[in-house]
Amino acid sequence: MWIIRGLRKGVLTSEYPKRVSEEELPFSFPLEAPAECPFGAVEDGRLDYRKCINCRLCNVPFGQKTGLSEVKNPLPFRKSLHVFFLDVGTCHACNREVALLHSPNYDVHRLKIFFTPTPKHADVLLVAGCPTDGMIPVLKEAYELMPEPKRVLVLGACANGALCGRKVEDFVPVDGYVPGCPPSPVQIIEGLLKVAGRDVE
Amino acid sequence: MMALSAVFRRNGNYLTVWLDYDTGEALIRKEERLPDRKIAPALIGETTPYIRIPAGSNAVPLTFGPAAGGLGQAGAFEILTYGERIVSIRPVYGYKRRGIEERLINRPLEETIAVLERAVGNFALAYTYAFLRAVEANPDEDVWEVRKGLLEIERLYNHFNVIHKLAGDASQKVATMHFHWLEEETLRVLNRLTGHRYGFGANVPGGVRILDGRAVERLGKLKEEFRELREELLESKIFIDRLHNTCRLSREDVIELDAVGVAARGSGVGRDVRAFDRFYSYKPVTCEDGDALARLMVRMEEIERSFEIIEGIDFRALSSDPEVREGLNLGLAEAPHGDVLTLVELRDGRVSWIGLRGASRINYVAFCRGITGNIFTDFPFGLHSFGLNFADADLWQGGEE
């Protein structure tokens with residue numbers, strides 16, 4: 001019986017944003033700035049996390065990191081946030097991580113975050129991947145279709161020009177960044193909560 | 001019989017790869033003309049031009065994608081329909097052509113691997129397995145044992161994802177969540193094991209990066225959980241009825257379209273790279289029916305086999321110093337959805353040319369053959385039973401198109 005099975009398993013959902021467990025974060029973020037980066041994430045001795053692809057080729061210690069996402073001008077939508085996810089050229093890992101937001105482990109509905117199948121109902125455009133020739137018009141159109149006020153949140157290193165040289169911000173105005181390659185579900189939730197103007201601490 | 005596995009453009013000619021799945025014999029040929037196989041245009045072009053509108057039909061063309069919520073990825077299908085039945089359908093490739101593959105060339109091998117992992121994220125361990133098979137001249141048995149284990153863990157979470165999607169399509173809300181949970185738990189095991197949720201950076205030239213080998217012990221619990229869930233799910237008549245006879249692919253279709261992987265095995269054609277890979281001793285799982293249910297049963301059985309293989313492996317960080325094989329070499333790996341192929345040319349220890357072929361490029365065409373004649377509500381069941389993605393289908397075919 002499914003019901004008994006479900007009850008026996010208990011609560012599987014993450015306590016984030018109250019608490020973040022070690023299980024939920026990848027161990028692949030550089031903890032110090034390396035001297036140089038083969039993929040151009042280091043400039044003038046400073047590490048740009050937005051461009052770090054977590055390749056672990058540099059000679060620094062690696063570990064877990066939170067609080068990396070940056071959001072300018074958040075929306076005052078504390079009660080519900082509707083998100084449209086648009087893939088403009090990912091490696092499919094970001095798609096999987098976004099899909100996992102609906103898994104029992106993260107369950108974003110408890111945080112009043114909802115995904116919509118159309119940009120016309122969305123407050124936030126969640127974009128992943130480096131924009132390809134085929135997807136640039138789609139990206140622009142999706143942004144145009146969204147009602148005001150609207151924000152664009154960018155997922156992952158390749159949407160910030162790490163691998164392909166193209167950035168999402170070259171085509172639509174960007175309000176927030178979630179670093180990681182791919183960003184883990186907890187990091188995506190963090191970015192979305194910040195866009196909704198909610199505390200993540 | 002030889003199957004046409006890949007076609008690449010190179011210096012104005014075609015480089016074709018033919019594969020005999022019974023013996024593992026591979027043939028790389030230089031040809032001036034495109035081989036006379038149905039799949040050949042799809043392997044080289046952006047679409048499959050051989051699907052035609054029947055004369056006198058009142059069907060209307062419809063494009064599904066590339067931003068459609070149902071697909072969840074940048075890809076599209078052109079569908080010919082008169083409302084309910086799918087008269088004809090073809091995949092539209094090219095929306096995901098990112099040019100990432102050009103960044104594989106002429107850099108140190110460890111950087112090439114880092115880029116290759118980001119070509120197709122959820123099959124990264126399979127691609128690096130294939131690439132390193134092509135590159136390493138005298139492979140170290142112990143290192144490959146661990147790489148094999150990582151590949152099987154990748155198979156686990158991808159198969160769980162497929163079952164989760166199929167259960168979701170049939171509105172089995174509870175089952176779909178349980179399988180989604182299994183997928184996430186497997187990713188967490190991989191995270192503990194390699195330091196990355198998708199295993200990026202685990203396969204490095206000559207070695208494997210393992211942080212905590214004991215993390216795989218947690219898979220034992222997941223195995224028990226999976227067995228119970230499988231039993232419960234397959235008892236649901238509603239679920240089985242939705243999959244039975246949906247998106248049927250006959251044995252002849254598989255041979256004609258050179259389909260690979262789970263799609264071929266579900267139709268009784270035992271095409272599996274692991275059958276002749278020197279690091280495996282494996283007999284392919286097959287099922288004769290060719291419908292979505294048959295492909296699900298193949299996956300269920302393969303999950304069991306993967307657990308078995310993983311149990312026999314001692315996961316630990318290892319490094320070796322194998323020689324690098326110069327010249328043009330072929331590497332194969334059995335990814336969760338089908339085989340992936342890397343044709344690599346090395347010069348002075350660096351990649352000077354590379355061709356990549358993912359199974360999705362072939363199997364989307366097989367899916368289209370299978371779903372033709374079905375009705376719209378069967379579409380997600382058919383599509384998800386193949387477990388493909390467009391990032392894998394849109395890989396560069398080694399040159400301008």
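Which residue in strand 3 of chain B is the bridge partner of B:Leu19? B:Ala26 is that partner. The notes below give the setting.

1. Basis. This is a predicted model: local features need pLDDT of at least 70, side-chain atom pairs count only at pLDDT 80 or more, and totals for chains, interfaces and linings use all residues. Residues are numbered from 1 along each chain as its sequence is written, while chains are lettered from A and ligands numbered from 1 in the order in which they are written.

2. Chain B overall. Chain B has 13 helices and 12 strands. Helices (H or I, at least four residues) and strands (E, at least two) are DSSP runs, numbered from the N terminus. The C-alpha trace of chain B spans about 65 × 55 × 35 Å along its principal axes. A compact globule of 401 residues would have a radius of gyration near 21 Å, and chain B agrees, with 20 Å. That radius is taken over C-alpha atoms, and the globule rule is 2.2 Å times the number of residues to the power 0.38.

3. Burial and contacts in chain B. Of the 401 residues in chain B, 56% are buried. A residue is buried if 20 or more other C-beta atoms lie within 10 Å of its own, exposed if 12 or fewer, and partly exposed in between; C-beta atoms are placed from the backbone. Among contacts in chain B with a separation of 6 or more, 65% come from residues 24 or more positions apart. Two residues are in contact if their C-beta atoms, placed from the backbone, lie within 7 Å.

4. The hairpin of chain B. Strand 2 (residues 13-19) and strand 3 of chain B run antiparallel, joined by 6 bridges. Two strands pair if DSSP finds at least two bridges between them. The hairpin has 6 residues between its strands, and B:Gly24 takes a positive phi near 85°. Strand 3 (residues 26-31) of chain B lies largely in the open, because 0 of its 6 residues are buried.

5. A buried helix. In helix 2 (residues 109-117) of chain B, the buried residues include B:Thr112, B:Ile113, B:Val115 and B:Leu116. Their cover includes helix 3 (124-135), strand 7 (203-204) and strand 12 (350-357) of chain B.

6. In chain B, 3 strands form an open antiparallel sheet in the order 7-8-9. Strand 7 and strand 9 (318-319) of chain B are the edges, each pairing on one side only. Strand 8 (residues 207-208) of chain B is joined to strand 9 of chain B by 2 bridges. Here B:Gly207 stands opposite B:Ser319.

7. Where the chains meet. In chain A, 43 residues are in contact with 40 residues of chain B. Helix 1 (2-9), strand 6 (81-87), helix 2 (93-99) and helix 3 (136-145) of chain A each supply at least two residues of this side. Helix 2 of chain A gives the largest share, 4 residues.

8. Strand 6 of chain A. Strand 6 of chain A is largely enclosed by the rest of the structure, because 6 of its 7 residues are buried. With strand 7 (residues 113-115) of chain A, strand 6 of chain A runs parallel over 3 bridges. A:Leu81 has A:Ile113 as its bridge partner there. Strand 6 of chain A also pairs in the parallel sense with strand 8 (residues 124-128) of chain A, over 5 bridges. In strand 8 of chain A, A:Leu125 is the bridge partner of A:Phe84.
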